[in-house]
Amino acid sequence: PLVTSREMFKKAYEGGYAIGAFNVNNMEIIQGIVEAAREEKAPLILQVSAGARKYARPIYLKKLVEAAVEDTGIPIVLHLDHGEDFEICKACIDDGFTSVMIDGSRLPFEENIALTRRVVEYAHERGVVVEGELGRLAGVEDNVKVSDREATFTDPDQALEFVERTGVDSLAVAIGTSHGAYKFKGEAYLDFERLKKITEKLPGFPLVLHGASSVLPEYVEICNRYGGNIPGAQGVPEDMLRKAASMGVCKINIDTDLRLAMTATIRRYFSENPSEFDPRKYLGEAREAIKKIVRHKMRNVLGCSGKI
Ligand code: G3H
Ligand code: 13P
Ligand code: ZN
Ligand code: NA
């Protein structure tokens, strides 16, 4: 069934693991992820961004996710990723999503609280849960100094106040991750001291880690070997994700790793099979690659295998 993340997060918090939240944009991505969850017996969050809604159209994504639920019977959360205003959150709630993110992290503290509070009121009246965000995720591509970057990290006292005043069900925090394939220039660094302090301020409260792809070198290498050009890509080391999952982090967001696995697979397929032009061939292999990497994440990184 389509479920909220309430029970999932409670169990994940107590069990010291995290649920994977994977971005979906088309049928092959959804099927790859869902097959992985079925085989791993893992609870699952499928998340849809504004860009995904624009690309695939809301009704197609909704029906594909419903098909996945009916086909597998596994508990799935259908979540809006990075809702930027009340209207998109409302549209998704009205459309049957069980979870939405209102991302007011770009706004001043009080405005973020007011916007988030408004979404929480609308969502909770309809049995939908809400993720908020406090702190900003800056990447190396933003070219900010390390000290300036840390100034954008989530403040533990503000996190407590934000949760109390908004009534959110989970909170995305900024501790050094960023979106995309270029997360660090030198050594990877996450502020675990800060994460610990946030957890102490909010004991038992589920935290969310965005920008949590590990940008596996093997897939970057395949992309580059078969005509791609993505030099210097670097993600969050898997050990750091394991550590975060063992702390208050209950939801770990992964998109870039799926994109890389899919693209690497298709690039290699085209190079090795220049006469083939049936999309089912390369999209089929891409779907297998998605399934493989998601199984790996669930089993070896997030720790959510066997937790249904
Ligand atoms: O946080 C961003 C996610 O990776 C979704 O990306 O907005 O390009 O769909 P998108
Ligand atoms: P990545 O770009 O690291 O996969 O992060 C995805 C994300 O946070 C989606 O909200
Ligand atoms: Zn994100
Ligand atoms: Na956890």
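**Helices and their buried faces**

Good morning. Helix H2 (27-40), strand S2 (44-48), helix H3 (50-56) and strand S3 (76-83) are among the elements that cover the buried residues of helix H4. Please keep in mind throughout that this is a predicted model.

Let me stay with H4. This helix runs through residues 58-72, which makes 15 residues.

Which residues of H4 are buried? They are Leu61, Val65 and Ala68. When one looks down the axis of H4, these buried residues fall within an arc of 50°, so they line one face of the helix.

In the loop between H3 and H4 lies Arg57. Arg57 is not a glycine, yet its phi is positive, at about 75°. Is Arg57 buried or exposed? Arg57 has 10 C-beta neighbours inside 10 Å, and because 12 or fewer counts as exposed, Arg57 is classed as exposed. Just after H4 comes Gly73, and Gly73 also takes a positive phi, of about 70°.

One further residue connects to this region. Asp95 sits in the loop between helix H5 (86-94) and strand S4 (99-102). Neighbours within four places in sequence aside, Asp95 is in contact with Pro58 and Lys62. Asp95 has 15 other C-beta atoms within 10 Å and is therefore partly exposed. From the C-alpha atom of Asp95 to that of Ile266, which is 171 residues away along the chain, the separation is 33 Å.

I turn now to a pair of helices. Helix H8 (residues 156-166) packs with helix H9 (residues 192-201) at an angle of about 35°, and their axes are 9 Å apart. The crossing of H8 and H9 is right-handed. On the H8 side, the contact is made by Pro156, Asp157, Ala159 and Leu160, and on the H9 side by Arg194, Lys197, Ile198 and Lys201. How many nonpolar, polar and charged residues does the contact of H8 with H9 have? There are 4 nonpolar residues, 4 charged residues and no polar ones.

Within H9, the buried residues are Arg194, Leu195 and Ile198. They cover an arc of only 100° around the axis, which puts them on the same side of H9. The face of H9 turned away from that buried side carries the exposed residues Glu193 and Glu200. What do the buried residues of H9 pack against? They pack against H8, strand S6 (170-173), strand S7 and helix H11 (238-246).

Returning to H8, I would point out Arg165, which is placed in that helix. With residues up to four places away in sequence left out, Arg165 touches Ile113 and Arg117. Arg165 has 15 C-beta neighbours inside 10 Å and so counts as partly exposed. Arg165 and Ile308 are 143 residues apart along the chain, and their C-alpha atoms are separated by 32 Å.

Val215 has a positive phi, near 50°, although Val215 is a residue other than glycine. Why does Val215 count as buried? It does so because Val215 has 20 C-beta neighbours inside 10 Å, and 20 or more is the cut-off for a buried residue.

In H10 itself, residues 217-225, the buried residues are Tyr219, Val220, Ile222 and Cys223. Seen down the axis of H10, they fall within an arc of 160°, so they line one face of the helix. The buried residues of H10 pack against helix H12 (256-272). Pro217, Glu218 and Arg225 are exposed, on the face of H10 turned away from its buried side. After H10 comes Gly227, with a positive phi near 100°.

To close, the buried residues line one face of H4, and the buried residues of H10 likewise line one face of their helix. Thank you for your attention.

Terms used. Residues are numbered from 1 along each chain as its sequence is written. Chains are lettered from A and ligands numbered from 1 in the order in which they are written. This is a predicted model: local features need pLDDT of at least 70, side-chain atom pairs count only at pLDDT 80 or more; totals for chains, interfaces and linings use all residues. Helices (H or I, at least four residues) and strands (E, at least two) are DSSP runs, numbered from the N terminus. The expected span of a helix is 1.5 Å times one less than its number of residues. The arc is that of the directions from the helix axis to the C-beta atoms. Two residues are in contact if their C-beta atoms, placed from the backbone, lie within 7 Å. Axes are lines fitted to C-alpha atoms, for helices over the stretch in contact, and angles run from 0 to 180 degrees between N-to-C directions. A crossing is left-handed if the near helix is turned anticlockwise from the far one by less than a right angle, and right-handed if clockwise. Ala, Val, Leu, Ile, Met, Phe, Trp, Tyr, Cys and Pro count as nonpolar, Asp, Glu, Lys and Arg as charged, and the others, Gly among them, as polar.
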